[in-house]
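Subject: Structure handover

Hello,

Here is the structure I said I would pass on. My notes on it follow below.

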Amino acid sequence: MNLDLTALADEHLAAARTAPHGRSAHLVLHDGVLRQTVIALRAGTALDEHNAPPAASLQVLTGRVRLTTHGWADELAAGALRMIPKERHGLTAVDDSVVLLTAVND
């Protein structure tokens, strides 16, 4: 499978900008326990706090996002790659943003 990640990010950011909830997502890879999802968020849009998968990382493709857990926050800009905390966490777009979530579920 050959995928143009830049074009996909642009497509979903355009969709997020007009979506009622300010976001658009697309599962780009699903192979057994491995999943990769492109998530586009309009500035100010959040993914509410949710449980973490057993292993996951977040790569910021465009924009800036804030990854939060109880009592902690980390702002990440385009190009950043970070492991997702094991505890409940949330994600807020500081700017219009697109991220690539890689998760391994058991």
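I start with R64, which is partly exposed, with a relative accessible area of 30% (buried means under 20% relative accessible area, exposed over 50%, and partly exposed in between, with a 1.4 Å probe and protein chains only). Before the rest, the ground rules: this is a predicted model, in which local features need pLDDT of at least 70 and side-chain atom pairs count only at pLDDT 80 or more, while totals for chains, interfaces and linings use all residues. Residues are numbered from 1 along each chain as its sequence is written, and side-chain values use heavy atoms, with hydrogens and water left out.

Salt bridges

The side chain of R64 forms a salt bridge with that of D95, at 2.8 Å from N to O (a salt bridge is a side-chain nitrogen of Lys or Arg within 4 Å of a carboxyl oxygen of Asp or Glu). R64 is in strand β5 and D95 in the loop between β8 and β9, so this pair ties together parts 31 residues apart in sequence. Helices (H or I, at least four residues) and strands (E, at least two) are DSSP runs, numbered from the N terminus. D95 is also partly exposed, at 30% relative accessibility.

R66 and E75 make a salt bridge through their side chains, at 3.1 Å from N to O. R66 has a relative accessible area of 31% and is partly exposed; E75 counts as partly exposed at 38%. Through salt bridges that share partners, R64, R66, E75 and D95 are joined into one network.

E49 and R88 also meet in a salt bridge, at 3.1 Å from N to O. This pair links distant parts of the chain, with E49 in strand β3 (residues 46-50) and R88 in the loop between β7 (81-83) and β8, 39 residues apart. Both ends are partly exposed: E49 at 43% relative accessibility and R88 at 39%. Over the whole structure, the search finds six salt bridges.

Nonpolar cores

The largest nonpolar core has 13 residues, of which L58, V65, L91 and V99 touch the most other members. A nonpolar core here is a set of buried Ala, Val, Leu, Ile, Met, Phe, Trp, Tyr and Cys residues joined through side-chain atoms within 4.5 Å. Two or more residues each come from β2 (34-41), β4 (55-62), β5 (64-69), β8 (89-93) and β9 (97-104), and β4 gives the most, with three. Apart from this core lies another, of nine residues, among them L8, A16, A40 and L100.

Contact means heavy atoms within 4.5 Å.

Strand pairing

Strand β9 is mostly covered, with six of its eight residues buried. β9 runs antiparallel to β2, and eight bridges join them (two strands pair if DSSP finds at least two bridges between them). In that pairing L34 stands opposite V104 in β9. β4 also pairs with β9 in the antiparallel sense, over seven bridges, and the bridge partner of Q59 in β9 is L100.

G22

G22 is found in the loop between α1 (5-18) and β1 (23-31) and is buried, with a relative accessible area of 0%. Its C-alpha atom is separated by 5.9 Å from that of T45, 23 residues along the chain. Leaving aside neighbours within four places in sequence, G22 is in contact with A16, A40, L41, R42 and T45.

Regards
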